[in-house]
Amino acid sequence: MKSNFFRLSMVSALVSTAFTVVADDRAGAIPTASGIDIVPELTWELKHDNNVANTRTDKVSSFVSELTPSVAMVLTDGVNEYSLASAFRLGDYFQSRQDNFFDAGFRADAKMEFTDRHRIRLQGNTIFGHEQRGQGVSDSLGFEVDEPGRFEEYEIKGHYEFGARSTPARLRLSAGYLDKGYTNLREFSQFRDFDRRTVGATFFFSTLASTDLVAEVMRNDINYKVVDIDRGSRDNKDISYRVGLDWEITALTSGELRIGQQRKTFDNPLREDFKGLSWNLSVTYEPLSYSRFTLETGRRATDPMTAADYVKDSTYGGNWQHDWNSDLKTNVHVRYVNSDFVGVTQRNKFWNYGADVNYRLSYWLTVFAGFDIADRDSTVERFIYDKRVISLGLRVGI
């Protein structure tokens with residue numbers, strides 16, 4: 001299991017610093033007479049962050065203690081699986097008390113297969129989270145706010161799949177709803193409260209050579225709850241038409257490719273629409289059972305937290321996971337994001353790299369340490385920052 005350090009790394013700053021509750025790790029499970037496996041865990045980390053507010057100058061540095069208890073309950077009933085998970089994270093900054101936080105997350109997941117031709121998956125998530133000063137809704141405003149941004153996020157999603165896995169063709173129909181709203185910094189965060197409705201269809205055709213041909217269409221209707229009178233509505237429809245491949249040619253190589261056209265159209269005629277190429281590619285190479293390399297790249301137009309109409313993000317990354325023995329594991333990652341803003345004159349270049357090491361002292365106790373480095377350059381000076389985070393922690397399977 002990766003350490004929480006990477007789940008809260010600067011890579012995740014592109015979306016949020018809220019944690020994700022994971023319910024599919026059965027290591028250390030406590031079985032019960034009812035058939036439910038209970039997976040409790042307690043993680044404690046001590047970090048040093050040399051730029052808590054993510055500012056270009058006059059950096060605020062601080063040690064921070066993070067305590068994360070979590071529990072997952074998993075029931076397996078034949079081919080069906082049901083799970084519930086919850087986690088809480090308490091962050092205490094020693095030199096910057098205003099940045100203290102308390103996050104909570106909950107997840108429910110159900111995988112059901114009625115026959116070999118009919119299966120569904122349903123998932124619900126709730127997060128009460130935060131974003132560091134100078135990130136997310138307060139991007140570039142680390143000096144101007146005196147507390148982290150806090151938000152509530154509710155999501156329900158699922159899909160229905162028709163077609164036996166042994167047959168060449170399968171069809172997946174998906175839908176989802178997400179609602180996100182901020183609870184503080186309302187002077188400007190109110191304009192970033194939104195909901196998103198998603199529908200989509202994906203067609204898989206097996207070539208019988210460990211490769212699936214894929215065609216998909218996805219539509220997102222994004223609606224902002226408060227209109228900024230000065231800048232106008234940000235409501236938009238985001239539709240993608242893509243084709244691609246899923247493959248696992250040998251035990252050594254697997255991957256996923258999607259490429260096609262993305263269209264983002266705004267209700268507001270004063271905002272510039274997007275129509276262009278979109279892709280994502282992930283390739284995993286596993287030359288040995290205990291060593292794995294992953295390369296990823298993607299391009300997509302996304303909604304920004306700033307005044308721009310949209311951002312064209314091009315992402316490139318790599319990761320190496322290696323198990324030196326049954327107890328010692330390491331992970332190294334690097335990521336680069338080029339962001340072109342449309343509607344304003346701005347371009348950001350973001351580099352992130354780091355590593356961590358996990359050592360299992362016993363079946364119930366793991367120690368870990370890591371570092372994470374982020375460096376963002378921008379044509380707009382106030383968006384420039386760099387930061388260094390080092391971490392040391394313990395993970396206890398209760």
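Q: Which residues do ring pairs link into a cluster?
A: Ring pairs link Phe88, Phe102 and Phe106 into a cluster. Rings of Phe, Tyr and Trp (its six-membered ring) count as a pair if their centres lie within 6.5 Å.

Q: OK, and what kind of model am I looking at?
A: A predicted one: local features need pLDDT of at least 70, side-chain atom pairs count only at pLDDT 80 or more, and totals for chains, interfaces and linings use all residues. Residues are numbered from 1 along each chain as its sequence is written, and side-chain values use heavy atoms, with hydrogens and water left out.

Q: Back to rings. How many aromatic pairs does the structure hold?
A: There are 11 aromatic pairs in the structure. Take phenylalanine 151 and tyrosine 182: their ring centres are 6.1 Å apart and their planes sit at 65°, so this pair is edge-to-face. That label goes to planes over 60 degrees apart, while under 30 is stacked and the rest are tilted.

Q: Which residue lies over the face of phenylalanine 204?
A: That's arginine 170, at 4.6 Å from the ring centre. Likewise, arginine 234 lies over the face of tyrosine 224, at 4.8 Å from the ring centre. To count, NZ of Lys or CZ of Arg must be within 6 Å of the ring centre and within 35 degrees of the ring normal.

Q: New topic: which residues line the second largest cavity?
A: Its lining is Phe191, Tyr224, Val226, Val227, Asp228, Gly232, Ser233 and Arg234. By class, that's 4 nonpolar, 2 polar and 2 charged residues. Here Ala, Val, Leu, Ile, Met, Phe, Trp, Tyr, Cys and Pro are nonpolar, Asp, Glu, Lys and Arg are charged, and the others, Gly among them, are polar.

Q: How many residues line the second largest pocket?
A: The second largest pocket has 24 lining residues, and Leu141, Phe188, Arg231, Met305 and Thr306 lie nearest its centre. Its lining splits into 12 nonpolar, 5 polar and 7 charged residues.

Q: What's a cavity and what's a pocket?
A: On a 1 Å grid over the protein atoms alone, a cavity is a set of points where a 1.4 Å probe fits but cannot get out, and a pocket is an open set with protein on both sides within 12 Å along at least five of seven lines; lining residues have an atom within 4 Å of a point.

Q: What about phi of asparagine 54?
A: Phi there is near 55°, a positive value in a residue other than glycine. Asparagine 54 lies in the loop between strand E2 (36-49) and strand E3 (62-77). With a relative accessible area of 3%, asparagine 54 is buried.

Q: And phi of leucine 185?
A: Leucine 185 has phi near 50°, again a positive value in a residue other than glycine. You'll find leucine 185 in the loop between E8 and helix H2 (186-189). Leucine 185 is buried, at 15% relative accessible area.

Q: Which residues is phenylalanine 128 in contact with?
A: Leaving aside neighbours within four places in sequence, phenylalanine 128 is in contact (heavy atoms within 4.5 Å) with Phe102, Asp103, Ala104, Phe106, Phe151, Glu152 and Tyr154. Phenylalanine 128 sits in strand E6 (residues 118-131) and is partly exposed, with a relative accessible area of 30%.

Q: Last one: where is tryptophan 364?
A: Tryptophan 364 is in the loop between strand E17 (346-362) and strand E18 (365-378). Tryptophan 364 is partly exposed, with a relative accessible area of 39%. Not counting residues up to four places away in sequence, tryptophan 364 touches Arg395, Val396 and Gly397.

Note on methods:
Helix = DSSP H or I, 4+ residues; strand = E, 2+ residues; numbered from the N terminus. Buried < 20%, exposed > 50% of the residue type's maximum accessible area, 1.4 Å probe, protein only.
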